[in-house]
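This briefing goes through a predicted model, taking its charged contacts, its sheet and its helix packing in turn. Please keep the sequence and the structure at hand while reading.

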Amino acid sequence: MNFISAEELNQKITSNSGIKILDVRDSYEYDICEIGGIKIPMSEITDRISELDPNDNFAVMCRSGKRAEAVANLLEKEYQFTSVNVLIGGILGWIEAIDNSLETY
């Protein structure tokens, strides 16, 4: 598993590198604050795994990074995903480094 900073992720997004954001927060968290991407709550990952391509490049995010790490580990170990990055600090890290106009909860 790799880790990616908010600055690195932002650069990849703006350069159209093809990285996909996988937001594993619960729906109510996403409704308060989001930066786009695929929304699959952590509790639904195994049921919805077919919605994800294991060959895609993912940046997994949650509120602070802990759930994202668990999901990234699952994707790599159980489903053989080849390129999984965890957003350091989650949405809170993104807000601090990239867009402090987003609401926190």
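**Salt bridges**

- The model, which is predicted, has a count of five salt bridges, and those described here are among them.
- Asp-23 makes a salt bridge with Arg-25, with 2.8 Å between the closest N and O atoms, and both Asp-23 and Arg-25 are buried.
- Arg-67 and Glu-29 are joined by a salt bridge of 2.9 Å, taken from N to O.
- Because Arg-67 belongs to helix α3 (residues 66-79) and Glu-29 to helix α2 (residues 27-32), this pair ties together parts that are 38 residues apart in sequence.

- Five strands make up an open sheet, arranged in the order β1-β5-β4-β2-β3, and their pairing is parallel.
- Strands β1 (2-4) and β3 (38-39) stand at the edges with a single partner strand each, so one side of each has no neighbour in the sheet.
- Strand β1 is joined to β5 by three bridges, the two running parallel, and in this pairing Ile-4 stands opposite Leu-87 of β5.
- Strands β5 and β4 are paired in the parallel sense over four bridges, with Val-84 in β5 opposite Phe-58.
- Strand β4 (residues 57-61) is also joined to β2 (residues 20-23), again in parallel and by four bridges, and here Ala-59 in β4 is the residue opposite Ile-21.
- Four of the five residues of β5 are buried, which means that this strand is largely enclosed by the rest of the structure.

**Helix packing**

- Helix α1 (residues 6-14) packs on the sheet, where it touches β1, β2, β4 and β5 (83-87), and the direction of α1 makes an angle of about 80° with that of β1.
- Two packed helices are described by the angle between their axes together with the distance between those axes.
- For α1 and helix α4 (residues 90-97), the axes come within 9 Å and cross at roughly 80°, and α1 and α4 are therefore roughly perpendicular to each other, given that angles of 65 to 115 degrees fall in that class.
- The contact brings Ala-6, Glu-7, Leu-9, Asn-10 and Ile-13 of α1 against Gly-93, Trp-94 and Ala-97 of α4.
- Sorted by class, the residues of this contact between α1 and α4 are five nonpolar, two polar and one charged.

Terms used
Residues numbered from 1 in each chain as written. Predicted model: local features only at pLDDT ≥ 70, side-chain atom pairs only at ≥ 80, totals over all residues. Heavy atoms only, no water. Salt bridge = Lys/Arg side-chain N within 4 Å of Asp/Glu carboxyl O. Buried < 20%, exposed > 50% of the residue type's maximum accessible area, 1.4 Å probe, protein only. Pairing = 2+ DSSP bridges. Contact = heavy atoms within 4.5 Å. Axes fitted to C-alpha atoms, helices over the stretch in contact; angles between N-to-C directions. Parallel < 35°, antiparallel > 145°, perpendicular 65-115°, else oblique. Nonpolar A, V, L, I, M, F, W, Y, C, P; charged D, E, K, R; others polar.
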